[in-house]
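Q: Could you walk me through reading charged side chains in a model? I would like the general idea and then the case at hand.

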Amino acid sequence: MKRVSRRAAHYIRDELLKRERFIVIALDSRQKIVSVNRSTPDWNLPGLIRGSVLPDSLASLLNAASDAAEPMVFPYLELNGFFVDIHVLGDSESADLVIHDVSEAHETEQTLQQRAHENSLLSEQRAALNSELAELNEELLLRRRQAEQASAAKSRFIASMSHEFRSPIASIMGYADLLQTELPDSDNPRALQRASWHLLTLVENLLEQAREGEENVSLNPTHFSLDRLAGDIEALFRTQAAAKGLDFEVTSSPYGIDVECDELRLRQILINLVSNALRYTRQGQVSVHFKHRDDTLFIRVRDTGRGIEPKDIERIFEAFTRVGEGNTSGAGLGLTITRQLIKRMGGRLKVESEPGAGSEFRVAIPCPCIQGEHDEMPPLSGTVLWVDDDQDILSLYQVVLENWGLRVITGSSITEARDLFKIHDCPVVVTDMHLTDGNGVELLSHLRAEQPDIVGILISGSGVVDLAPEIAGKGIRAFLQKPIDAELLYKEIAAAFAGE
Ligand code: ADP
């Protein structure tokens with residue numbers, strides 16, 4: 001250290017030494033204590049009394065240091081419960097012992113050591129955890145892969161079930177349509193149609209529940225008359241309402257418009273809401289009102305039934321949840337699916353209910369109005385190749401298309417269709433997506449390779465997969481869902497022959 005002022009030197013001595021605890025023992029040549037000085041009066045070590053002989057423990061240190069030329073330090077000795085550094089300064093004549101209390105420093109060091117130990121333990125545990133985590137991650141990846149496979153299997157299952165159900169129902173509905181044309185005065189074909197819609201709704205309800213969470217479910221908007229839909233709903237539930245002695249009313253405004261919306265799903269929603277209203281109403285009235293405004297379809301289903309307790313209003317939308325006393329039959333799925341469908345269609349659903357007085361379900365769904373769509377169906381001419389592995393569908397559409405003036409060649413597989421295509425000139429090909437020896441997209445690709453300007457129309461009953469990316473650039477004009485909307489089919493075929 002460079003020269004320090006006297007004031008600083010005093011300060012260091014007084015202030016810094018004040019914080020330390022030490023005892024200075026002066027000894028004569030026979031190791032007898034000549035004096036004992038303490039830095040703090042409270043620090044006392046027993047046995048250190050002037051005139052007595054140094055205790056053995058300290059005397060041994062003194063002896064050990066006796067030959068040293070320099071002062072010696074014995075660090076961290078335990079003395080009467082304290083940790084001390086003992087400095088021995090001496091010669092043969094006399095010696096001084098400075099005992100310095102370093103308990104605090106010792107404790108700090110101990111704590112540091114303890115921490116270091118804990119840290120090393122923690123790092124070991126962390127390493128073990130990391131390896132466990134890596135294992136868990138691997139398992140998670142495996143599980144996710146399994147879940148993805150299961151989900152893909154589920155999608156395939158839904159698609160094939162949907163196809164299995166829709167095809168025969170589409171057949172029934174198509175034949176009912178034909179009957180209607182042949183027997184325009186009979187209500188029987190319409191009853192057949194309505195029952196088919198009901199059946200289709202039940203099947204779709206179940207499939208919709210299975211589809212929950214799937215992202216690629218596509219909507220299938222078609223054009224239809226709002227009055228026809230209202231009329232069908234009225235006719236579908238009229239008998240049921242009458243049997244319960246309920247007043248049942250279906251109204252629609254404005255009159256005579258066509259709208260564009262996924263009709264199958266809209267019917268599903270309506271059938272769920274109206275059948276609930278009738279089931280949960282003992283007396284009074286059930287009314288359904290359709291109103292179209294600003295490209296939105298508003299539906300109100302109102303009843304004077306038992307109503308829903310406020311605490312149950314949210315619960316009624318939970319899957320398989322049924323509330324209220326003495327429930328009639330039901331699976332507790334209708335409202336869950338209704339809400340999912342409305343959401344998928346970009347709409348809203350609201351419920352207001354008063355226990356004992358009745359309920360009102362209000363739906364708003366985006367649904368553009370279609371102008372001037374009531375065109376006649378002038379006769380068409382030309383040859384269509386229709387391919388489907390369902391013989392009933394083939395026979396049905398052979399009649400339907402022939403009624404429109406077309407010649408129809410039918411085939412039930414890709415192989416048969418390719419052979420027929422070689423013999424007949426068929427500029428328009430309608431094919432089912434699922435065929436026994438491949439799919440409709442493949443068939444159309446083969447046929448296009450032979451005749452590049454054919455127009456393809458794909459039909460599917462699976463209703464799940466959005467085929468848009470798959471059919472892009474393959475000359476496929478339209479993708480129609482079973483049950484096929486006859487008007488839409490007519491329009492697509494007419495436009496295909498007109499080269500539009
Ligand atoms: P389900 O009718 O098959 O039980 P839903 O999901 O359609 O299943 O309905 C769930 C519950 O909501 C029903 O159990 C019934 O308690 C209640 N609910 C639905 N609609 C009405 C209604 N219009 N009036 C009174 N309660 C209703």
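Q: Is R265 buried or exposed?

A: This is a predicted model, where local features need pLDDT of at least 70, side-chain atom pairs count only at pLDDT 80 or more, and totals for chains, interfaces and linings use all residues. Residues are numbered from 1 along each chain as its sequence is written, and side-chain values use heavy atoms, with hydrogens and water left out. Buried means under 20% relative accessible area, exposed over 50%, and partly exposed in between (1.4 Å probe, protein chains only). R265 counts as buried because its relative accessibility is 4%.

Q: With which residue does R265 form a salt bridge?

A: Side chains of opposite charge can pair when their charged atoms come close. A salt bridge is a side-chain nitrogen of Lys or Arg within 4 Å of a carboxyl oxygen of Asp or Glu. R265 pairs with D262, their closest N and O atoms being 2.9 Å apart, and D262 is buried too, at 6% relative accessible area.

Q: Which residues are linked with D232 and R267 in a network of salt bridges?

A: The network also includes R190, R228 and E263. Over the whole structure, a search finds 19 salt bridges.
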